[in-house]
Amino acid sequence: MTVRRPGFAPGRHPVSDEAINPMDGAAMGMALELLGVSKTFDGFQALAKADFAVETGEVHALLGENGAGKSTLMNVAAGLYRPDQGRIRVRGREVELSGPVAARHLGIGMVYQHYKLVKAFNAVENILLAQGAPRYGTGLAEVEAAIRAQSEAVGFAVDLRRPVGSLSVAEQQRVEILKVLVAGAGILILDEPTAVLTDREAEALLTTMQALARQGAAVILVTHKLGEVQRHADRVTVMRGGRIVASADPASLTAAELTTLVVGATANPVHCPATRIEGPVLAVEDLAGTRSDGLQTLHGLNLTIRAGEIYGIAGVGGNGQTELAEILMGVRRAGAGRIALAGDDVTGTGPKLRRARGLAAIPADRQVYGLAGDLSVAENYAVGGLTSGRFGGWLRVDRAAIRAGTEAAIAAFDIRGARSPRQKASLLSGGNAQKLVIAREFAGRPRFVLAHSPARGLDVRATADIHRRLREARDAGAGVLLISEDLDEVMLMSDRIGVMSRGRIVGEFDAPADRQAIGVAMVHHA
Ligand code: ADP
Ligand code: MG
């Protein structure tokens, strides 16, 4: 596998020597150094004198929990943010990064967490767009050939002709990576690249990145997953609270030592059983349901959840969990059967009425059902209260009450990164976005809480936080349904466990449950 330069110049800007041959420094020492970098947002210190150094030829993991400052530090390296303080060296030479274009010309390429692709354009058009205008006389065919060569060189399977909006997330990511490789990046920054990938896709991507490093690239892998660091990184730098707390060879540290570096001193989570279980709050009878593609995935599912308990659904993904969650939220119709919420039949009703009956939902996909990223934190928080009348009605909105309510929620739920209720919700990190959803959902004292993979993508501390909130809701008398593919999470949290397989509950277990027995039920019926 080789990394080839494409046969066209990367744009209308003067091309420096470095840009033409960014790999020439291979195995020659430092690729990128950030020295004493500080950055403050509205008085909040996101980076405090951070030092970070990456050598050519290595995959360097930047590890830290949500909000540690990883993306901010990398945005400084990519020329997107100007640091308040600190110096940057590229291949040993001190540089001034006036912007992303300057960084790109020094061979620094960043793949962001949220892709910056034009969905209606195909891969070739997107890459061209990012490059700026090609040199006069460079044909589209020539550009496409160069991209194809690059894509074959790194072993990426991507359809270059289809609109990128129709490509899978993994393919879109490959287009983003090709974009920076074609631009000549020898210093590659990937911000949480595996968050959106399946395990297999993630392994394949990280193996490719290791191969790129072997050829002399410097690859920075931003992550909060310990396993990735241990399997794929040559070096790890750990950040916590805007500071660098360690830089080491990952092989020299145990998983426990790494965890302690990431979160500080920590205790192992323990199971806390329910204290007072009362009558049913949710009763589901003979529920049938179909997936968006028409396939029936729920086949006569029966389920009862009582006030004061956490009922966990364990099961291999794709056994109807998503359809069950969507039907319970009221965003998908039941094919047959009955749903009773706090004694009322809600089978044919929509989300609004169910919320009024005491439903709170923490959906698996917080970007789709959970939050509106373009709206402010306060607006996202207020939707819940508008339906209940707490913030006035749709016709006469009580803005002062919304601001005060949001500020109180930010403090109570420790939503870091939301320093003003007016900040856009999309600026929150994953854990803090999830806290905002929970703050809103729990504001009305729910009777039934549906939590679908609530900890997915979150780090250790944010996960513990979400779990504590779910237990508090239970202890305040709500019935909680936890649907998760993470058996450890289900075991840790649940008072009762139902195993779901092929659209039914095929076994129920009281806590403390035997993990082995649950595992057998999961695979036996699959
Ligand atoms: P990480 O990538 O490690 O999860 P970030 O670098 O995204 O963390 O964020 C670090 C802190 O800085 C967070 O509290 C975040 O909310 C805040 N932050 C990041 N970018 C901005 C911004 N553009 N405006 C205001 N605050 C920000
Ligand atoms: Mg980040």
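This is a predicted model: local features need pLDDT of at least 70, side-chain atom pairs count only at pLDDT 80 or more; totals for chains, interfaces and linings use all residues.
Figure 1. G69 uses its backbone instead, with an N or O atom 2.9 Å from a ligand oxygen. How much of ligand 1 does the protein bury? On its own, ligand 1 exposes 560 Å², and the protein buries 88% of that.

**Figure 2. The shell around ligand 1.** There are 14 residues around the ligand. G67, K70, S71, T72 and R419 come nearest. Which elements each supply at least two residues of this shell? They are β2 (44-55) and α2 (70-77). The largest share comes from α2, with three residues. By class, the shell has five nonpolar, six polar and three charged residues.

**Figure 3. Helices α15 and α16 side by side.** Helix α15 covers residues 430-442, and helix α16 covers residues 460-475. Their axes come within 10 Å and cross at roughly 10°. Angles under 35 degrees count as roughly parallel, so α15 and α16 are roughly parallel to each other. From α15, the contact uses G431, Q434, K435, I438 and F442. From α16 come A462, D465, I466, R469, L470 and A473. The residues of this contact divide into six nonpolar, two polar and three charged.

**Figure 4. Helices α4 and α5 crossing.** Helix α4 spans residues 123-131, and helix α5 spans residues 140-153. Their axes lie 10 Å apart, at an angle of about 100°. Are the two helices roughly parallel or roughly perpendicular to each other? Angles of 65 to 115 degrees count as roughly perpendicular, and α4 and α5 are therefore roughly perpendicular. V124, I127 and L128 in α4 meet L140, V143, E144 and I147 in α5. This contact has six nonpolar residues, no polar ones and one charged residue.

Figure 5. Most peptide bonds are trans. Where does P512 lie? P512 is in the loop between β20 (504-510) and α18 (515-524).

**Figure 6. A positive phi at D286.** Most residues other than glycine have a negative phi. D286 is not a glycine, yet its phi is positive, at about 45°. In which strand is D286 found? D286 sits in β11, which runs over residues 280-290.

Note on methods:
Residues are numbered from 1 along each chain as its sequence is written. Chains are lettered from A and ligands numbered from 1 in the order in which they are written. Side-chain values use heavy atoms; hydrogens and water are left out. Axes are lines fitted to C-alpha atoms, for helices over the stretch in contact, and angles run from 0 to 180 degrees between N-to-C directions. Helices (H or I, at least four residues) and strands (E, at least two) are DSSP runs, numbered from the N terminus. Angles under 35 degrees count as roughly parallel, over 145 as roughly antiparallel, 65 to 115 as roughly perpendicular and the rest as oblique. Contact means heavy atoms within 4.5 Å. Ala, Val, Leu, Ile, Met, Phe, Trp, Tyr, Cys and Pro count as nonpolar, Asp, Glu, Lys and Arg as charged, and the others, Gly among them, as polar. A residue is near a molecule or strand if one of its heavy atoms lies within 4 Å of it. A polar contact is a pair of N or O atoms within 3.5 Å; within protein, one must be able to donate a hydrogen and the other to accept it, and residues adjacent in sequence count only if both atoms are side-chain atoms. Accessible areas come from the Shrake-Rupley method with a 1.4 Å probe; for residues, only the protein chains shown count as cover.
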